[in-house]
Amino acid sequence: MIPCSILCWLRMPDELQFTSAPVMVSGRYIINQNGPLPPQPILIEHCCLMVKGNVWDISIKCRPHSNQRKKNENWINIKEVYPDAKVERKRNDIQLTLPLLRENLELAAFGVPGKDDQKRMQMAIFGKDPTKGCDWKIRIYLIDDSEMALKQICKKGEDSGIKLLTTLSSLFVSNSKQDISMKFIHLEAGWQIVGDEVKTIASRDAWNSPENATDFPYCDFVVRHADMTKQQFFCRIRATHENDTADNEVVAFFQKVNKLIITFTLFMLYLYGYINAAEVTRRFTTRKPK
C-alpha cells in the first residue's frame, strides 16, 4: 500500500498543470460566403510548439459570422458543420480547405495540450521615443508567435502613439500555473526604475489567445532619467517561465542639439527681435536642394 503522502506527491504535477482543456491557439479568421464558389484554401496560424514528442491535439472550430451574432455562441468543430472540410496539420499552421459555404464563418484553432507541451510566444517591447529629463514608460507585451498577432499589436500600438522599440524574442510558455516574470537584468547608469523592478503575467492570461489577436497581456515599466549628462539609454530585459527565458535589448539616443544654431539664434534675437530671428534661423538651417 502506498502511503498517503506519496500519493499526494504523485498528484502534485497535475495540480500545477495549467490546463488539460481546449484553449484557443490562434486569432479569429473571418471567411465570407463566395456565391456559388467554394473559398480558397486558408492557412490558419497556431502557436503550439510542435517539437518531437508533443501531444498537442489541434482542431479547427467555427461559428456563424454576423453583426447580430450572440457573443456567447459556442464554437463547433468544423467537421461537424462541414464534414467534407479538409484539415491538413503543418508545423506552425493548418491548411483548411472548405466546400461551398452556406453562410459567413468565423474560424479559429483550438488545442488541448499535454502536461509537457508548450506554447510559442514573443516578447514585444513598445514605447515612445525617450525625452531627455523625463520618465519613460516601456510596455512589454507577450504575444502569440504569429504574423497576425504581430500585425495587430503593432496597429494597436500605433493607435496609442507607441511603437515597437526593438526586435522580438521568443519564449516557450509551459503548461504550468507559475506566473511569467519580466525584469530588467541590466540598466544603463544614469537611469532608474520607478516602482517594482520585477513584474509578472499570469499563466492563464498567456495561454488564452484573444480572439481579436490584440488584447494580449502586458507589463508596464517606468524608467527615470536621473543623470542629465547621459545622452543614451540601454537596457536588457528578460522574460522567464519555468526553464525558458527570452532576452532583449533596447537602445535609444537623444537627438543632439546643434550649438551653432542655438548661438546664431540668440545673436539674431539680440539684433532683430524674435520674429526676424526665427525667420533668419529657418533659412539658415534649411538645406537647399542639390
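Colleague: Which exposed residues does the face of α3 turned away from its buried side carry?
Modeller: That face carries Glu147, Lys151, Glu158 and Asp159, where exposed means over 50% relative accessible area, buried under 20% and partly exposed in between, with a 1.4 Å probe and protein chains only. This is a predicted model, in which local features need pLDDT of at least 70 and side-chain atom pairs count only at pLDDT 80 or more, while totals for chains, interfaces and linings use all residues. Residues are numbered from 1 along each chain as its sequence is written, and side-chain values use heavy atoms, with hydrogens and water left out.

Colleague: And which residues in α3 are buried?
Modeller: Ala149, Ile153 and Gly157 are the buried ones in α3. They are on the same side of the helix because they cover an arc of only 65 degrees around the axis, the arc being taken from the directions from the helix axis to the C-beta atoms.

Colleague: What covers the buried residues of α3?
Modeller: The cover includes the strands β9 (118-127) and β10 (136-144). Helices (H or I, at least four residues) and strands (E, at least two) are DSSP runs numbered from the N terminus.

Colleague: How far apart are the end C-alpha atoms of α3?
Modeller: They are 18 Å apart, which agrees with the 18 Å that the 13 residues of α3 (residues 147-159) should span at 1.5 Å a residue; the expected span is 1.5 Å times one less than the number of residues. After α3 comes Gly161, which has a positive phi near 85 degrees.

Colleague: What about positive phi in residues other than glycine, say Glu242?
Modeller: Glu242 has a phi near 55 degrees, and this residue lies in the loop between β17 (232-241) and β18 (244-253), where it is partly exposed with a relative accessible area of 32%. Ala213, also not a glycine, has a positive phi of about 55 degrees and is found in the loop between α4 (203-207) and β16 (218-225).

Colleague: Is Ala213 buried or exposed?
Modeller: Ala213 is buried, at a relative accessible area of 3%.

Colleague: Changing topic, how many residues does the largest nonpolar core have?
Modeller: The largest core has 50 residues, and those with the most contacts inside it are Ile78, Leu107, Leu142, Met182 and Phe233; a nonpolar core here is a set of buried Ala, Val, Leu, Ile, Met, Phe, Trp, Tyr and Cys residues joined through side-chain atoms within 4.5 Å. At least three of its residues come from each of domain 1 (23-112) and domain 2 (118-253), with bounds from an automatic or database domain assignment. Another core, of eight residues, lies apart from it and includes Phe126, Tyr141, Ile162 and Phe216.

Colleague: What does Phe233 touch?
Modeller: Not counting residues up to four places away in sequence, Phe233 touches Trp136, Ile138, Leu187, Glu188, Trp191, Val223, Val250, Val251 and Ala252, a contact meaning heavy atoms within 4.5 Å.

Colleague: Last one: what is the mean pLDDT of the protein?
Modeller: The mean is 84, and 79% of the residues reach 70 or more, pLDDT being the predictor's confidence in each residue, from 0 to 100. Over residues 1-14, however, the pLDDT is below 50, and beyond near neighbours in sequence this stretch has three contacts in the model.
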